[in-house]
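Please open the model in a viewer and keep the selection tool at hand.

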Amino acid sequence: MTTAKSVFRYLRDCYRDEYGQSLLRNVFQRKYEHRLWHQGEEMMFSLDAPLAPVPQEWAETVAAKAFLYRKEKQLLYSFLFLAAASTDEDEDSAKAVVCAPLLWCPAEIFERDDTRFLRVDPGELHVNDGLLGKLCDQSEELVAALHGLFQVPLAGHCVDEAGSLLARHIDGLNHEACTFYPRLVDEKQLRRVRQKVKAGGPPHLLPAALTMMVPKPTAARGVLTELDALCGEAEPAAALSRLLGMGVSTPAPASPPDNQRSRVLPFSLSDGQTAILQACEREPLTTVIGPPGTGKSFTIAACALDLAARGQSVLITTRMDDGVDVIAEKLAVISGMNDGFVRFGKAGYRAQLKSKLEFIVRGMVKASDHCLDTLEEHHRGNERDLAQIETDLMDACSRQLTWGALLSDETPAVVQKVKQRWRRFLLKRRPPMWRLFQRLETGYARRTDLARDLLRARHELGLAAAYQEHRAVLKQFLSAVRAKQSGLFVSRSADLDWGVLFSVLPIWIGRIGDLHEVLPLQAELFDVAIVDEATLCDMASLLPVAQRAKRLCIVGDPYQLRHLSFLARDRQAAFAKRWGLDAAAFARFDFRTKSAMDLAEGHSDPLFLNEHYRGHPDLIAFSNRTYYNNQLRVMTDKPGIHEQPRLTVIGCDQQVRDQTGANQSEIDQVLALLTDIVARPDVTPMSVGVISPFRKQVDALSEALHKQFPIDVLQRHGVMIGTPYSFQGQERDWMIVSMAVCREDHPAGLRYLERGGVFNVTVTRARRFQTLFCSFPAESLPADAVLRRYLEQTQREAPLRQAAATASGDRFCADVAAAVEPLGIGAQIGVTSAGFLLDMVLTRGTRMLALDLVGYPGAFADFFPIERYQILARAGLTLFPLAYCDWLFHREACIRTLCDYLDITTPAP
């Protein structure tokens with residue numbers, strides 16, 4: 001039977017094999033410390049008992065360092081060194097020389113009879129797959145062969161066979177010294193060979209052995225340490241068990257009574273966002289699908305602020321710093337505070353946290369300018385008023401339908417005439433309906449101010465209270481943060497009252513790989529943990545995050561880029577067999593092909609964010625149709641936006657890529673377009689992105705751009721060049737896409753575009769304009785190729801999207817349009833915006849106002865629900881309710897008010 005512990009151990013081994021050796025490249029770099037070169041014959045891998053005595057002084061120093069820096073560094077025994085030239089640029093030289101072990105194994109020092117020994121676990125033997133990728137075409141067959149060849153104890157012929165195998169993939173490899181294994185090459189010999197390689201000599205494979213202290217890979221350092229801990233005695237938390245499909249479905253209860261507080265957010269939320277917030281309050285596992293530009297980061301920030309306002313603690317984490325930066329920015333924008341959360345990870349953030357704690361423990365905190373009780377009462381009162389005004393406005397609109405039908409009747413019966421006269425008498429003395437709307441706008445603005453004031457007041461009063469009541473706890477945490485060694489941090493924060501700390505600082509945000517630096521691996525430490533970009537995150541990295549949470553929210557998009565693994569299939573299968581995973585569990589926890597998002601989707605029905613705010617409608621149309629079943633409401637779709645082409649496809653004439661893998665014709669076109677863009681006299685320069693699905697094309701583009709454009713020009717336009725993996729989570733005003741593939745290229749290039757969201761990310765990074773260069777005519781592509789479908793849709797729909805949608809109006813529409821036209825106001829009838837057909841849109845320059853024409857019988861008589869007003873407001877478009885009766889009896893006031901919204905000064909009546 002597969003247990004949680006067996007899954008932990010299997011995923012830990014997969015993760016270690018994938019990431020644990022990624023930094024082993026040049027053992028003569030300074031970051032590799034306490035090097036001990038072994039001499040004579042190799043003893044750790046050639047003997048049945050891998051054990052060797054080591055110098056006592058060295059062993060004492062290394063043992064102490066291994067403990068103090070156990071989260072940052074590890075002791076490795078390494079063997080069989082490759083010395084060769086790499087094509088990658090290195091900080092020391094343009095042509096880097098790789099000098100690194102092909103085999104490595106975690107090592108430890110132990111004492112027996114007053115003698116220090118070094119030992120390794122043969123079951124933890126690793127092949128440096130990352131090194132091979134720097135030196136040759138790393139095929140799965142080569143990696144699999146090496147993994148099968150290296151079995152401890154190593155026979156002499158195995159090392160020689162490894163040399164012959166590598167020589168078939170690395171041109172000119174000299175491996176003669178391997179025939180003398182287990183005799184070792186010493187450090188001096190290795191250095192001499194390295195110098196010859198640096199001078200242009202052939203690569204060498206040498207049987208040298210080295211024990212050294214190495215940094216754990218940044219991405220893996222904390223995760224590996226914490227996976228080891230999870231594999232120990234600790235029981236999985238409820239949210240983690242649910243994630244694994246091994247737990248109960250009952251939600252972790254929220255903490256009363258703070259959870260009963262009303263929601264305090266400065267902005268209105270969509271139905272999808274509200275559902276996410278509600279799920280995070282009660283569900284042990286929430287899964288969110290967020291397509292490009294749908295406000296994932298905004299939703300995460302809003303959720304965190306809402307939970308914190310209810311007295312709960314929140315951890316927000318993702319794989320990359322870029323994602324953390326965006327969420328931190330949204331937190332500041334929504335709350336109006338730059339210091340309302342704890343950012344951890346980089347040294348600068350640690351210094352900021354230390355300064356913040358020092359200010360608090362010294363009483364240097366700002367006293368709030370507000371009375372919290374008064375603010376909360378004002379906020380509740382404003383919410384009650386808003387609810388009443390919304391109801392009153394909808395009721396007023398409903399009455400206008402009856403009155404409009406009555407007053408527009410041109411051939412009334414006698415009774416109807418009497419009713420008309422009476423209603424005219426009353427309506428002339430009644431204030432216009434849009435006064436209610438203006439009260440609603442005032443209430444919404446007041447909500448924003450009150451919510452921000454309330455969030456700030458709670459934060460400031462919490463800091464003041466912490467100084468008075470919990471100063472000792474804060475001092476203890478400050479002492480831990482000041483520790484430079486991970487061992488000291490652990491010991492100083494071991495018995496910390498984290499609940500007290502979170503009552504003062506409830507929101508924590510940072511990378512998954514940095515969690516271990518400031519937060520213990522304690523079950524259900526936070527009320528809620530939110531993981532962004534989970535589609536790019538492997539399953540193993542998610543486990544320590546889930547262990548820290550009572551409730552878990554996983555956010556990602558299965559139609560964008562996915563987690564990629566180069567773990568050898570035979571290694572993964574061996575790990576599964578070692579820890580007893582059955583066939584069903586092996587399929588469910590397939591480390592190579594499944595992401596953290598896949599794992600969460602298996603045990604939680606996903607919620608969908610459907611409002612797209614980023615790109616012009618033309619730029620998101622293909623992805624909306626192809627990947628999201630046309631379920632995205634495109635909030636950028638507004639009148640006048642189709643007046644100029646936003647998506648351009650330019651054909652290039654190149655039959656095949658050159659020997660470097662680059663498409664020079666497309667590079668020349670990219671340079672010409674970028675030259676035109678940077679020469680534009682825009683007051684605010686447009687930001688520019690240059691993207692290609694292929695790394696070699698990106699490298700060639702990068703070199704060409706740096707040669708042609710000064711660095712200040714590139715900086716002014718925020719020029720970014722990269723593959724889709726570089727651009728995930730990024731956006732630019734103008735995206736330049738170089739597809740690079742040519743007619744005579746291998747079909748694998750086209751197949752790559754279909755894989756794992758590569759194409760979707762490539763074509764959804766633009767906000768305003770996108771130019772795509774392609775050397776493949778659409779008709780020459782396979783019928784089902786995603787690139788062909790994209791090119792055909794672009795050609796088919798571009799002419800149709802240049803004309804604004806129009807519809808015939810009625811007498812009320814015509815009357816309003818005729819009245820505003822002399823004031824220089826354009827009027828369009830039946831315009832589509834954000835997916836809705838609007839009655840009328842008024843425009844003056846760049847300003848725009850949508851009208852909800854209410855009451856006159858016909859197609860536009862009915863009124864929009866209040867939710868429609870809020871959706872359009874989120875799209876940046878004000879919807880103004882104009883009743884037919886108000887137009888009849890308060891026309892001049894209506895016109896003045898419309899002009900005010902369009903920022904037009906009108907002459908006095």
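The stops below concern nonpolar cores, aromatic pairs and a surface patch in this predicted model.

Begin by selecting F477, W508 and L519. These residues have the most contacts inside the largest nonpolar core, which comprises 74 residues. Next, colour residues 4-19: this is helix α1, which gives the most to this core, with eight residues. A separate core of 59 residues lies apart from it, and includes L436, V841, V854 and I904.

Return to F477 and display its surroundings. Beyond its neighbours within four places in sequence, F477 is in contact with L353, L357, F489, L496, W498, L501, W508 and V518.

Now turn to the aromatic rings; 30 aromatic pairs are found in the whole structure. The ring centres of F477 and W508 are 5.9 Å apart and the planes stand at 70°, so this pair is edge-to-face. It links helix α16 (residues 471-482), which holds F477, with strand β11 (residues 507-511), which holds W508, across 31 residues. F477 is buried, at a relative accessible area of 0%, and W508 is likewise buried at 0%.

Select F622 and F759 next. Their rings form an edge-to-face pair, 6.0 Å centre to centre with 75° between the planes. F622 belongs to helix α24 (residues 617-627) and F759 to helix α30 (residues 758-762), so the pair ties together parts 137 residues apart in sequence. Both F622 and F759 are buried.

Finish at the surface with W422, F425 and L426, a nonpolar patch with about 300 Å² of accessible area together. F425 is located in helix α14 (residues 414-428) and, at 38% relative accessibility, counts as partly exposed.

How values were computed. Residues numbered from 1 in each chain as written. Predicted model: local features only at pLDDT ≥ 70, side-chain atom pairs only at ≥ 80, totals over all residues. Heavy atoms only, no water. Core = buried A, V, L, I, M, F, W, Y, C linked by side-chain atoms within 4.5 Å. Buried < 20%, exposed > 50% of the residue type's maximum accessible area, 1.4 Å probe, protein only. Helix = DSSP H or I, 4+ residues; strand = E, 2+ residues; numbered from the N terminus. Contact = heavy atoms within 4.5 Å. Patch = residues over 30% accessible without salt bridge, like charges linked within 9 Å, V, L, I, M, F, W, Y side chains within 5 Å. Areas by Shrake-Rupley, 256 points an atom, 1.4 Å probe, with all protein chains shown as cover. Salt bridge = Lys/Arg side-chain N within 4 Å of Asp/Glu carboxyl O. Phe/Tyr/Trp six-rings, centres within 6.5 Å; stacked < 30°, edge-to-face > 60°.
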